[in-house]
Amino acid sequence: MRRKLHRAYRSVLFRNAAALYGVQACRKLIPLVSIPYLARVLGPEGWGTVAFVQALGEFIVMVVEFGFNLSATREIAQKRDSRAACGEVVAGTLGAQAGLSLFAVLGAMAAATQIPLLRDHPKLFMAGLFYGVIQGIAPLWFFQGLERMMLAGGLEISSKIAALGALLLFVRGPGDEWLVLALQGVAPAVSTVAGLWLAFRLVRLRLPSLALVKRSLALGWPMFLIRSSASLYGVANVFVLGLFAPAAIVGYYASAEKIVKAVCGLLLPIRESLYPRLSQLAIQSPEENKRLTRIGAFLMGGGGLFLGIVTFAAAPWISHVLLGAGFDQVIPVLRILALLPVIISLTDSVGMQYLLPRGRESIVNRVVLGGGFVSLALAFVLAPRYQHIGMASAVVIAEAFVCGVLAYVVFRMTSRDGEAAVAERPGEPGEEEFVGALSGGDD
């Protein structure tokens with residue numbers, strides 16, 4: 001037994017999972033300190049305003065990151081034996097992110113002229129821009145692709161702890177809202193610079209060319225569509241709600257959503273540590289890929305069920321202890337969103353762990369895009385009337401839709417000789433036609 005534990009500890013996969021759990025623990029435990037503090041210091045209205053601008057910042061993160069955390073990770077994982085090839089991936093990705101950062105900032109500034117909440121808080125708005133760009137260019141994809149997460153994890157953990165300390169020290173009450181996002185960007189900026197410096201030492205450095213940038217954008221585009229589609233019922237929730245509801249209502253919903261996201265984040269290290277290995281095995285050893293996919297699905301599904309039950313049962317306690325008085329309206333939202341850990345764990349098992357490593361991003365893309373439109377449509381119907389309760393319901397329905405369709409697609413694929421390429425039966429649509437009909441188009 002001791003030998004088995006020693007071998008497990010020495011395995012790259014185990015160390016990467018441990019590093020990612022450290023990062024996720026930091027990402028999710030720190031909000032359990034910062035959110036209660038901000039809720040008490042800023043109140044529902046001030047905290048809701050911060051959450052609204054932070055949602056804008058997350059849109060910028062989405063644009064700048066552009067799916068590279070999936071596409072570039074996969075490329076680095078498959079080309080890790082060549083410093084020159086990895087250098088081309090790094091150059092193309094960073095060049096693309098520079099252009100995307102400029103595009104995102106200019107777009108946000110144009111949107112701010114039409115949204116009173118952004119116009120009325122210029123310092124907070126500028127802090128949100130800074131926060132979004134810095135978070136988007138973090139080179140976590142590089143170290144994840146090389147399966148060297150201990151180093152990247154250490155950088156991110158130290159930066160987030162430093163940001164939390166600064167937040168507790170300098171944010172003292174109403175009027176300090178802009179400092180929340182500014183401080184959450186400063187420390188990651190330092191770790192991002194350090195991460196890029198380390199990356200340049202590991203690859204053959206070269207300047208980005210137009211061809212490399214175009215290639216990176218082309219490879220990242222399908223992944224970006226997946227991420228951006230998911231954002232329609234992820235990042236966009238707080239932003240859309242803020243268009244219809246007072247800042248205090250936004251604060252109630254944002255508090256519940258961030259807590260549940262922290263809970264769901266406990267499952268991410270399993271997914272993110274398996275993804276580069278599954279991408280590699282999809283080419284080198286399909287049978288081993290299938291075995292590891294089944295193990296990952298079991299771990300994700302069991303963990304999601306446990307976390308969902310705990311969140312539902314502990315909702316009153318979470319609201320009282322973490323948020324304090326004046327946040328009782330968070331409890332019903334928490335109980336609705338408690339379904340998300342279960343649903344998302346199943347979605348990741350069939351999408352992130354089965355389909356994406358096999359290059360089936362077009363399928364995932366269409367399904368997630370359909371789910372995004374379902375969420376957005378429901379949000380505009382339910383949020384104006386039922387506000388935070390309606391928004392939570394829209395999110396859960398959309399996530400369930402995506403999970404159900406992806407599960408059906410994978411069932412069709414695995415039930416036909418266990419092959420990824422499905423041979424259509426006479427008179428029945430294949431999974432490509434099914435998803436194509438869902439989205440109204442073909443590949």
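Contact is defined here as heavy atoms within 4.5 Å. The structure is a predicted model, in which local features need pLDDT of at least 70, side-chain atom pairs count only at pLDDT 80 or more, and totals for chains, interfaces and linings use all residues. Residues are numbered from 1 along each chain as its sequence is written, and side-chain values use heavy atoms, with hydrogens and water left out.

When neighbours within four places in sequence are set aside, L337 is in contact with Y253, A256, E257, V260, A392 and V396. L337 is also one of the residues with the most contacts inside the largest nonpolar core, alongside F142, V171 and Y253. A nonpolar core is a set of buried Ala, Val, Leu, Ile, Met, Phe, Trp, Tyr and Cys residues joined through side-chain atoms within 4.5 Å; buried means under 20% relative accessible area, exposed over 50%, and partly exposed in between (1.4 Å probe, protein chains only). The largest core has 90 residues. Helix α2 (residues 12-65) gives the most to this core, with 16 residues; helices are DSSP runs of H or I, at least four residues, numbered from the N terminus. Apart from this core lies another of 13 residues, including V367, V402, V405 and M413.

S216, in helix α10 (residues 210-231), is buried, with a relative accessible area of 7%. Beyond neighbours within four places in sequence, S216 is in contact with F68, V89, G92 and T93. A polar atom of the S216 side chain lies 3.3 Å from the backbone nitrogen of T93.

F103, in helix α4 (residues 83-112), is exposed, with a relative accessible area of 59%.

Definitions and conventions: Helices (H or I, at least four residues) and strands (E, at least two) are DSSP runs, numbered from the N terminus. A polar contact is a pair of N or O atoms within 3.5 Å; within protein, one must be able to donate a hydrogen and the other to accept it, and residues adjacent in sequence count only if both atoms are side-chain atoms.
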